Amino acid sequence: MRTDAHIEKVVTNNALHGGFIKNIITDNHFNSSINIAVAFFTDYETILKLAKTNSVNIIVRLGYPTSCYALSKIMDVQNVNVRFFTNESFNPKIYIFQKYAVVGSANLTDKALMTNQEIAIIIDSNTKEYERLASVFMEYWTQAVPMTPHIVDTYGTIIRNIRATDKKVFSDIMRTIGNFSFSNIARRKSVLPEKKLQLRAFRKNYQNCRNALENLEYIYKCYGKKKMDETIPLKIEMETFTGWIRDYKAQGDSWRRPVKTSARKKEILNLMAEWHEQDYEGIGVYENTYPVIMGTFATVADIQEASMDRILDALCRLHSFEEKKRFFTGGLDNLREAFGKANPLEKTRATFSYLLFGSGAPEERIFDVIHDPRYRLDYFEKESIQELAGWVLPECRIINGRTTKSLHYLGYPVAQIDET
């Protein structure tokens, strides 16, 4: 029941007045999604601790004293997603957990959480104020820019080359990385080339899907049972589960039901129990698919040695590629023939080598293979590109049309493939 009292507790960094702010941020959070928006970030250890048992979304501002080293320590951590603003007007200190939110004066820095004189107010989740904070965070998250290793490196170069408190830090960040601010406080819009704008939008949608699938993995770990062979990665087992959802629960347009997040975890756990009890023919298909795909695309050497037939044998294991056979009179054989004729073997090898093992962030390479003529392959489109990257790359998740429809059905507000 919703309560009228919206302030549960006031905490300062004083044992006589409620203990330390760090304690309420790090203690007793399990199998949930945590959302953090702060101006300054140096305390990466807190994020690493939270990420052991939760998924964490964090927004920071690039500027002193935000630490390049701290950002680098969390960039490749599973279940941690980082976005940023650069404009000095971004200055919140919000920590949203499953049971309560924390709002106050403390940034996510070592001193703010333990030694500075800071004040934090704890707001119970059964309040309108909590719901408003959650909504504010999502507004921030939607507009914030996904962090990449390249941006972290660029920021680090700026910080190292200039005295940390020098005003030139701010101007160099604006000039080199861009002026990114939350829209209702923006003084001027950042002008970006069209490709960068498209990449930014694609990266956000891709990250949202990946976040949803990682959250689904956490719920599955909470369920505590595995259905597939132990050698099969968890993300592939989750692809099997979402395939079952699409086949048995979200047929046709029934996936379009209104998104409800309040009882999502309980419903998913019940569905997982039902899935475990059912003999699903997709299990064997996925277990047989994994070794074929990895046998062809596990390394650059494997790709460079693969014949066109071998490459096509692996591609035909991708659901999004195989289902294109319905557009060909001769079915799968004619699809294979069309792909082989349209795409020279050397370019095909080069494209898959770049997609799976090139430089830059995976979502940037996926974007390039979708849009850049140097890498684009006929009859191998967005769904198939994302799906293949998800099978092969540990940091990616399998994302195709079946996946996004199933996620929507399960209560995750992700964009559909044809909307991105």
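Predicted model: local features only at pLDDT ≥ 70, side-chain atom pairs only at ≥ 80, totals over all residues.

Modeller: Residues are numbered from 1 along each chain as its sequence is written, and side-chain values use heavy atoms, with hydrogens and water left out.

Biologist: At what angle do the axes of α13 and α15 cross?

Modeller: Helices are DSSP runs (H or I, at least four residues), numbered from the N terminus. Axes are lines fitted to C-alpha atoms over the stretch in contact, and angles run from 0 to 180 degrees between N-to-C directions. Helix α13 (residues 308-315) and helix α15 (residues 332-342) cross at roughly 130°, their axes coming within 11 Å. α13 is therefore oblique to α15; oblique is what remains once angles under 35 degrees (roughly parallel), over 145 (roughly antiparallel) and 65 to 115 (roughly perpendicular) are set aside.

Biologist: Which residues of α13 and α15 meet?

Modeller: Contact means heavy atoms within 4.5 Å. From α13 come M308, D309, L312, D313 and L315, and from α15 R336, F339 and G340.

Biologist: At what angle do α13 and α16 pack?

Modeller: The angle between α13 and helix α16 (residues 345-357) is about 45°, with the axes 11 Å apart. This makes α13 oblique to α16 as well. On the α13 side the contact uses M308, I311 and L315; on the α16 side, L345, T348, R349 and F352.

Biologist: Which residues touch the most other members of the largest nonpolar core?

Modeller: Nonpolar side chains tend to be buried together in soluble globular proteins. A nonpolar core is a set of buried Ala, Val, Leu, Ile, Met, Phe, Trp, Tyr and Cys residues joined through side-chain atoms within 4.5 Å. Buried means under 20% relative accessible area, with a 1.4 Å probe and protein chains only. The largest core has 66 residues, and F241, F297, L315, F352, F380 and L388 touch the most other members. Helix α8 (residues 194-223) gives this core its largest share, 9 residues. Beyond four places in sequence, F352 is in contact with F297, I303, I311, L315, L377, F380 and L388. A second, separate core of 61 residues includes F41, I59, V82 and A112.

Biologist: Is R203 buried or exposed?

Modeller: R203 counts as buried because its relative accessibility is 7%. R203 lies in helix α8. Leaving out residues up to four places away in sequence, R203 touches P146, T148, E363 and E364.

Key:
Helix = DSSP H or I, 4+ residues; strand = E, 2+ residues; numbered from the N terminus. Buried < 20%, exposed > 50% of the residue type's maximum accessible area, 1.4 Å probe, protein only.
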